[in-house]
Amino acid sequence: MIYDIVIIGAGPAGLSAAVYGQRAGKKTLLIDVRGFGGQILNTPEVENYPGIKKVSGFEFASGLYEQASGQGAEIVYEKAVGIEAGNPMVVRTETGSYEARAVILATGAKNRPLGIPTEEKFAGAGVSYCATCDGAFFRGRTVAVIGGGNTALEDAEVLSGLAEKVYLVHRRDRFRGEQAGVKRLLTKDNVEFVLDSVPVEILGEMTVSGLKVRDVKTEAERILDVQGIFVAIGQMPDNVDFADVAELDETGYIAAGEDCLTKTPGLFTAGDCRTKKVRQLTTAAADGAVAALAAVDYINGL
Ligand code: NAP
């Protein structure tokens, strides 16, 4: 069968696109290798989505998934590995292929690693990229959070309620994240800011036993006695498999404007995976609507 719209990525952008696609009467398929929800699953509380005072990331994603599937969208859990342009377009996955009149790339972004030598060795053995998922394993222990954005601030706050002590390690003396978050952390007795500092080595035998950090101004090194390290230094895109049909910028994001169009007719993009300034839940949902309606117009014009 030929789907009207195949959406690669079932995070907030992809799921929103599915809602709009189905409501426009188009048969829609979502493809995601990890499951539905995307990065919002890692956010304990969403307090800035218009019209919803407070909701957990999981609840938000579940509600959106139910909305999309309730409208008739289908979902498969496979890794998309390529797209062949044409009519129909073909989306290849690791295990098969799907035909569609239009395709929306909503691949999101993945966690950026620190890139220090022992990081990979300790992933899952003390090094984590998700405080919401793994924080409970460090109840009563000492942990470090790396980063200065909203994710790091939120992670440090969540962990301060679980761990005995939290070091917040940031490479500058100013935070990129919101002041409100910084202020809340300053009231916590068990949170210590380690500013102007970068991680240089993760220490340990089988599991993490320490983090060596270097002060970027004085060059002085210090070892933090931690059993857990939460890396929260932002995201990076993962679009290389689609570079032949969608132009990528120098950092790997899909080059597209607010109209969500790519260089290939019938191929659209939505959410964190495209070039844009503000990557928020609201802008991901908005992109989903824009891309789906553009796809609907495209299909109707075929
Ligand atoms: P981010 O805003 O890009 O911040 C990344 C942080 O990591 C920055 O402070 C950066 O330092 C630091 N960093 C980057 N590379 C590093 C490296 N190699 N070594 C050490 N530090 C490094 O990422 P994010 O916090 O994940 O947030 C991503 C987006 O989601 C943002 O738009 C954010 O506002 C949004 N978000 C919103 C909420 C919310 O509204 N509730 C929650 C979470 C995230 P510099 O500051 O020096 O560049």
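Buried means under 20% relative accessible area, exposed means over 50%, and partly exposed lies in between (1.4 Å probe, protein chains only). Keep that scale at hand for the exercises below.

The model is predicted, and local features need pLDDT of at least 70, side-chain atom pairs count only at pLDDT 80 or more, while totals for chains, interfaces and linings use all residues. Residues are numbered from 1 along each chain as its sequence is written, and side-chain values use heavy atoms, with hydrogens and water left out.

**Exercise 1. Which residues of helix α6 are buried, and where do they lie around the axis?**

Step 1: Helix α6 covers residues 179-186, and its buried residues are G181, V182 and L185.

Step 2: These three span an arc of only 100 degrees around the axis, which puts them on the same side of α6. The arc is that of the directions from the helix axis to the C-beta atoms.

Step 3: Turn to the other side of α6, where Q179, K183 and L186 are exposed.

Step 4: Find the packing partners. The buried residues of α6 pack against α5 (150-160), β10 (165-169) and β11 (191-194), where contact means heavy atoms within 4.5 Å.

**Exercise 2. Now take α5: which residues are buried, and what covers them?**

Step 1: The buried residues of α5 are A152, L153, D155, A156, L159 and S160.

Step 2: Their arc around the axis is only 165 degrees, which puts them on the same side of α5.

Step 3: Their cover includes α4 (131-134), β9 (142-146), β10, α6, β11 and β15 (228-231).

**Exercise 3. What does Y253 touch?**

Step 1: Y253 lies in the loop between β16 (235-236) and β17 (267-269).

Step 2: With a relative accessible area of 10%, Y253 is buried.

Step 3: Not counting residues up to four places away in sequence, Y253 touches residues including Q235, M236, P237, D272, C273 and R279.

**Exercise 4. Which residues does T43 contact?**

Step 1: Find T43 in the loop between β2 (28-31) and α2 (57-70).

Step 2: T43 is buried, at a relative accessible area of 19%.

Step 3: Leaving aside neighbours within four places in sequence, T43 is in contact with S56, G57, T132 and E154.

**Exercise 5. Which peptide bond is cis, and where is its proline?**

Step 1: The bond from N87 to P88 is cis, with omega near 5 degrees.

Step 2: P88 lies in the loop between β4 (80-84) and β5 (89-93).

Terms used:
Helix = DSSP H or I, 4+ residues; strand = E, 2+ residues; numbered from the N terminus.
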